[in-house]
Amino acid sequence: MIQTIPTQPIAGQKPGTSGLRKKTPVFMETPYLENYVQSIFDGIGGVEGKTLVVGGDGRYFNDRAIGVILRMAAANGAARCIVGQGGLLSTPAASHLIRKRSADGGLILSASHNPGGPEADFGLKYNGPNGGPASESVTDQIFARTLDISQYRIWDGAAPDIGLIGEAQLGPMLVEVIDPITDYADLMESLFDFPAIRAVFAGGFRVCFDAMHAITGPYAQEILEKRLGAAPGAVVNGTPSPDFGGGHPDPNPIWAHELMTTMYGPDAPDFGAASDGDGDRNMIVGRGCYVSPSDSLAVLADLAHLAPGYAEGLAGVARSMPTSAAVDRVAAAKGIDCFETPTGWKFFGNLLDAGRATLCGEESAGTGSNHVREKDGLWAVLLWLNILAATGKSVAELMADHWARYGRNYYSRHDYEEVQSDAANALIADLRAELPALPGKTFGALTVESADEFSYDDPVDGSHAAGQGLRVFFTNGARAVLRLSGTGTAGATLRVYLEALETDPDQLQHDPQTALKDVIAAIDVISGIAARTGRSKPDVIT
Ligand code: G16
């Protein structure tokens, strides 16, 4: 029976860079989740007769939230919900499933790399029929609905058990519980040279994949250990847990320090990698050789043709604005387009759909291609493995080759977390006002060449996105970018992105922080970070 429950708008339901993320208790307090789900359904024009994919990264409250979503989908007239067994689906697997089954969209439950648990973070996002994050205009419609919602509909009766594969009715709606792994693993097998990778593993090449107690564990066990024959135990922290083993499933050298210790240790394997809470991010590290996400994108763009799925080359590449220009140099050498988009995977969607870009990537550890419409952690790992198998080189050798040929874009991101929102907003507003006066001024060793606020005109649909980050370019080719994160759940996170280019192979330095010291010092003076935030150093340096 359909229940129609009166409700009223709740403050703070504005989706950020990647859906709505809040503290778990906020989502758990009825009707926060209910209001948001109904706003999604209303914002996309209703779900009557539609097929939806539903799944999440298994974090605390995942299963109960899915029960609510299924009951609301049934009460709103959806025809079918396809659910990963146990409520589990990695974000790229969900994207693939939406596309493969021609579903009308999907609801993905995750707060990505943010910690999970009763006091940690939860999130929900809607992906459209192309399998990608909702566009800006759909997101705006969903948000508008949260502001005038007056009722939600929910089926009065328990949702079926999603622990077992099979089909069950929920009122008029069919709930189809599927194996969350096989379709995705088959897709990977269609793109990469599995026999070549298997041969390398059989020859003693050792890999360590850290699933960080999150969703990619079972996917990596199936693909790396079962299908490719990596040694048992190659996947570590491979059982997903609701609080990610009490950790922070963010694949960077800070949070994946266990893997870093292994890879820089005396008996390091040949290749290391990690993924995040929902499986869309990746970290790549060779023996004693960490690869920054921006460099990883550039190497993959350069050598993707070595994998069968990309043998015909790339139509174009795309990167988010704060990502380094390393990939631009590869695109220029290949004579293909390189698009610069705002932060947020949704901005790649039109370029991928239109066939203008084949590979995309971001500094925030996201890389992907037109095989789905999300970034894809395991895909990046497999493309690296395919390239290593095809070239017979080590990660360190590939990086050295790359820098020798293209130069090196030193890169680092400094994050100031849980800054008081007012202070962070004032810092950005004041710097924005100061930008026109910066060119020609000298700060320490560097002189400003130009400064602006990034905006984007989508080349496919002409939509305009303003206010996407403040940029300061220096005369020596260095760059600093400041923007506020759209994925935090407490206070504001100020991100400072730093880049400097070295094209002389004889001048290459090892440590990016040293190579970037002048730009770090200059932007601190320009923006007054230390004085305004009261922080003497960033909370996280990646
Ligand atoms: C999301 C988006 C990415 C973005 C990242 C960081 O990733 O999908 O496009 O780069 O957030 O965004 P921000 O700098 O605003 O925090 P994820 O993995 O969190 O879904």
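## Strands and rings

User: What do β24 and β25 form, and which turn residue has a positive phi?

Analyst: They form a hairpin with four residues between them, and G477 in the turn has a positive phi of about 90 degrees. Strands here are DSSP runs of E, at least two residues, and helices are runs of H or I, at least four, both numbered from the N terminus. Keep in mind that this is a predicted model: local features need pLDDT of at least 70, side-chain atom pairs count only at pLDDT 80 or more, and totals for chains, interfaces and linings use all residues. Residues are numbered from 1 along each chain as its sequence is written, and side-chain values use heavy atoms, with hydrogens and water left out.

User: OK, how many bridges join β24 to β25?

Analyst: Four, with the strands antiparallel; two strands pair if DSSP finds at least two bridges between them. R471 has V481 in β25 as its bridge partner.

User: And what about β25 and β26?

Analyst: β25 also pairs with β26 (residues 492-502), antiparallel over six bridges. L482 is opposite V496 there.

User: Why is β25 largely enclosed?

Analyst: Five of its six residues (479-484) are buried, so the rest of the structure largely encloses β25. Buried means under 20% relative accessible area, exposed is over 50% and partly exposed is in between, with a 1.4 Å probe and protein chains only.

User: Switching to rings: how many aromatic pairs?

Analyst: Eight in the structure. Rings of Phe, Tyr and Trp (its six-membered ring) pair if their centres lie within 6.5 Å; planes under 30 degrees apart are stacked, over 60 edge-to-face and the rest tilted. One of the pairs is F27 with F122, edge-to-face at 5.1 Å centre to centre and 65 degrees between the planes.

User: Which parts does that pair tie together?

Analyst: F27 lies in helix α1 (residues 24-28) and F122 in strand β6, so the pair ties together parts 95 residues apart in sequence.

User: F27: buried or exposed?

Analyst: Buried, at 1% relative accessibility. F122 is buried too, at 0%.

User: Which residues make up the ring cluster?

Analyst: F27, Y32, F61 and F122, linked by ring pairs.

User: Last one: what sits over the ring of W403?

Analyst: The charged end of R408, 3.9 Å from the ring centre. That label needs NZ of Lys or CZ of Arg within 6 Å of the ring centre and within 35 degrees of the ring normal.
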